[in-house]
Amino acid sequence: MIRSYLFLCALLLTGCFKEPFYHSQSYVFGTLVDISIYGESEARAKVLSNHILQDFQRLHDRLHAWKPSSQGKPSELGALNNAFERGAAPLPIAPDLALILNDAKNLSVKSNGLFNPAIGHLIGAWGFQHDEFNAPRIDSASINQWVLAKPSMNDIIIEHHAAYSTNPAVKLDLGGYAKGYALDVALNYLRREHVKNALINIGGNIIAMGQHGNQAWRVGIQHPRAPTAIATLDLPDGWAVGTSGDYQRYFMLNGQRYCHIIDPRSGYPSQHTQSVTVLVAPQAPHQTQAGVLSDVASKPIFIESVENRSQAAKALGISHFMVIDEKSHIFVSKDMASKLHWLAGDAKFTILP
Amino acid sequence: MQNLQSSLSRLVRLKAIIQALLLGDICVVLGGLVLVIYLFKNLWINEPATKVQISVGDKVFATYSLNQQREIIIKGPLGEATIIISQGRARFAKSPCHTQYCVHQGWLSHAGQSAICLPNQISLALLGKTKPYDTLNY
């Protein structure tokens with residue numbers, strides 16, 4: 001009798017201590033969006049999560065580089081690109097788009113043009129501006145043409161809430177910026193809503209708020225050649241992590257891998273790197289935020305030559321990063337080494353000076 | 001006294017055995033050690049998964065035990081994909097997507113592993129007793 005009474009109590013107690021944890025998964029931005037919220041009722045977490053997803057969808061529609069937002073009508077970014085191509089008069093743009101373009105311009109300059117969202121035509125020439133792409137032939141004439149035209153963020157002039165381009169070869173593709181920006185938007189929204197603990201993952205780019213119960217949010221880092229994580233790290237409040245990999249979007253041609261990360265100097269995909277992961281601390285207000293930086297900063301490090309990688313990281317203020325090169329050799333910055341927990345006990349890596 | 005004597009004689013016998021070991025015997029012992037270390041690393045550090053969770057779009061479609069032989073056909077926005085469960089593992093066997101990244105992921109067997117088909121919005125996640133991480137950076 002007493003025993004069954006105790007059993008009943010235990011059952012009731014487990015009901016009380018159900019973890020206040022909510023998780024949702026959806027497809028937005030042409031990728032998988034994963035939202036975890038801890039410490040809120042399920043009903044509230046669901047409302048918050050849906051709000052974030054709607055914000056993401058709106059951003060996606062506005063900033064899409066090649067898809068019209070509605071039947072025949074180009075996206076906000078598409079309309080701007082059309083104006084650039086025509087050499088049209090300054091086109092009025094939304095205040096947040098002006099901030100995005102100025103920030104992207106600033107980051108492009110800092111990275112010596114290795115992060116260059118103005119090379120949309122080049123990305124298109126490689127066939128990566130499609131949801132579904134077949135192995136294309138390599139159109140070297142078209143590629144060379146777009147490299148010689150030198151489209152640069154500095155060709156874009158933004159004044160009086162309007163923008164124009166001095167170079168008709170400029171075509172904006174914010175594929176290396178928008179997901180990071182969306183992370184910052186989501187984090188700001190959750191902070192305004194006084195949410196304490198959340199983890200947001202947009203296609204592998206992640207930002208953390210608070211923690212998961214009494215434990216830090218833990219993130220696995222994908223192995224570039226195996227369907228498993230290579231290491232984990234704990235993501236403190238406000239920190240973000242991003243990876244650029246040659247395994248995310250690529251095609252194979254004659255045994256060669258051509259990935260979506262294109263060196264603007266040569267016009268060809270970078271082939272000496274498998275992946276670059278950067279970890280970013282919270283940034284001061286009114287400058288590039290952690291989400292954007294985690295999205296952008298991995299690209300120049302990916303593209304830069306082996307000997308100049310640390311330099312490329314430093315130019316963008318990145319001290320935590322990991323590089324896996326074409327031979328699967330792992331290089332880790334000193335700061336990053338202290339954050340990583342390797343999942344295979346015998347991981348061999350070189351610490352970068 | 002008797003105790004000490006017997007343990008002494010045992011030691012002498014052990015010494016004789018070690019001296020009688022041939023190169024082949026040593027190889028067998030070393031091979032065994034390597035095997036134990038290999039198994040420890042693969043089975044202990046990375047926990048084998050017990051279940052596979054299949055999601056379509058934003059909904060969990062089903063969770064299956066990996067301890068069975070089974071072929072599952074699931075409809076995504078692009079068409080039907082085939083997922084196979086066999087000998088504690090799971091994989092995409094067929095997918096209507098162009099890139100076939102999901103099929104190239106191959107067999108998944110450890111907790112925390114996943115395969116995602118973005119075009120057809122189907123994902124596999126392997127679950128174990130513990131969760132090695134909250135989310136995956138890729």
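# Close-up views of a two-chain predicted model

**View 1. Chain B from end to end.** Read along its sequence, chain B follows the pattern α-α-β-β-β-β-β-α-β-β-β. This is a predicted model. The secondary structure of chain B amounts to 3 helices and 8 strands. Its C-alpha trace spans about 80 × 30 × 30 Å along the principal axes. A compact globule of 138 residues would have a radius of gyration near 14 Å, but the value for chain B is 25 Å.

View 2. Two strands of chain B, S3 (residues 70-75) and S4 (residues 80-86), pair in the antiparallel sense. The pairing runs over 6 bridges. Within it, B:Ile74 stands opposite B:Ala81, a residue of S4(B). The hairpin has 4 residues between the strands. B:Gly79 takes a positive phi there, near 150°.

**View 3. Chain A as a whole.** Chain A has 11 helices and 17 strands. Along its principal axes, the C-alpha trace of chain A spans about 85 × 50 × 40 Å. With 353 residues, a compact globule would have a radius of gyration near 20 Å, and the 22 Å of chain A agrees with this.

**View 4. The contact between chain A and chain B.** Chain A brings 38 residues to the contact and chain B brings 31 residues. The size of an interface is often given as the accessible area lost when the parts come together. Between chain A and chain B, the buried area is about 2,800 Å², and carbon and sulfur atoms give 50% of it. Polar contacts are found between chain A and chain B, with a count of 16 residue pairs (both at pLDDT 80 or more).

**View 5. The side of chain A that touches chain B.** The elements of chain A that give two or more residues to this side are strands S1 (21-28), S2 (31-38), S6 (197-202), S8 (217-222), S9 (229-235) and S10 (240-245). S8(A) gives the most, with 6 residues. By class, this side of chain A has 15 nonpolar, 18 polar and 5 charged residues.

**View 6. A sheet with strands from both chains.** Strands of a sheet pair through backbone hydrogen bonds, either parallel or antiparallel. Here an open sheet of 4 strands has the order S16(A)-S9(A)-S8(A)-S8(B), and its pairing is mixed. Strand S16 (341-342) of chain A and S8 of chain B stand at the edges, each with a single partner strand, so one side of each is left without a neighbour in the sheet.

View 7. S8(A) pairs with strand S8 (residues 135-137) of chain B in the parallel sense, over 3 bridges. In this pairing, A:Gly220 stands opposite B:Leu136 of S8(B). S9(A) and S16(A) pair in the antiparallel sense over 2 bridges. The bridge partner of A:Thr232 in S16(A) is A:His341.

View 8. Over all chains, the structure holds 13 salt bridges. In one of them, the side chains of A:Asp234 and A:Arg218 meet at 2.9 Å, N to O. A:Asp234 lies in strand S9 of chain A and A:Arg218 in strand S8 of chain A, so the pair ties together parts that are 16 residues apart in sequence.

Note on methods
Residues are numbered from 1 along each chain as its sequence is written. Chains are lettered from A and ligands numbered from 1 in the order in which they are written. This is a predicted model: local features need pLDDT of at least 70, side-chain atom pairs count only at pLDDT 80 or more; totals for chains, interfaces and linings use all residues. Side-chain values use heavy atoms; hydrogens and water are left out. Contact means heavy atoms within 4.5 Å. Buried area is the accessible area (1.4 Å probe) that two parts lose on being put together, summed over both. A polar contact is a pair of N or O atoms within 3.5 Å; within protein, one must be able to donate a hydrogen and the other to accept it, and residues adjacent in sequence count only if both atoms are side-chain atoms. Ala, Val, Leu, Ile, Met, Phe, Trp, Tyr, Cys and Pro count as nonpolar, Asp, Glu, Lys and Arg as charged, and the others, Gly among them, as polar. Two strands pair if DSSP finds at least two bridges between them. The radius of gyration is taken over C-alpha atoms; the globule rule is 2.2 Å times the number of residues to the power 0.38. A salt bridge is a side-chain nitrogen of Lys or Arg within 4 Å of a carboxyl oxygen of Asp or Glu.
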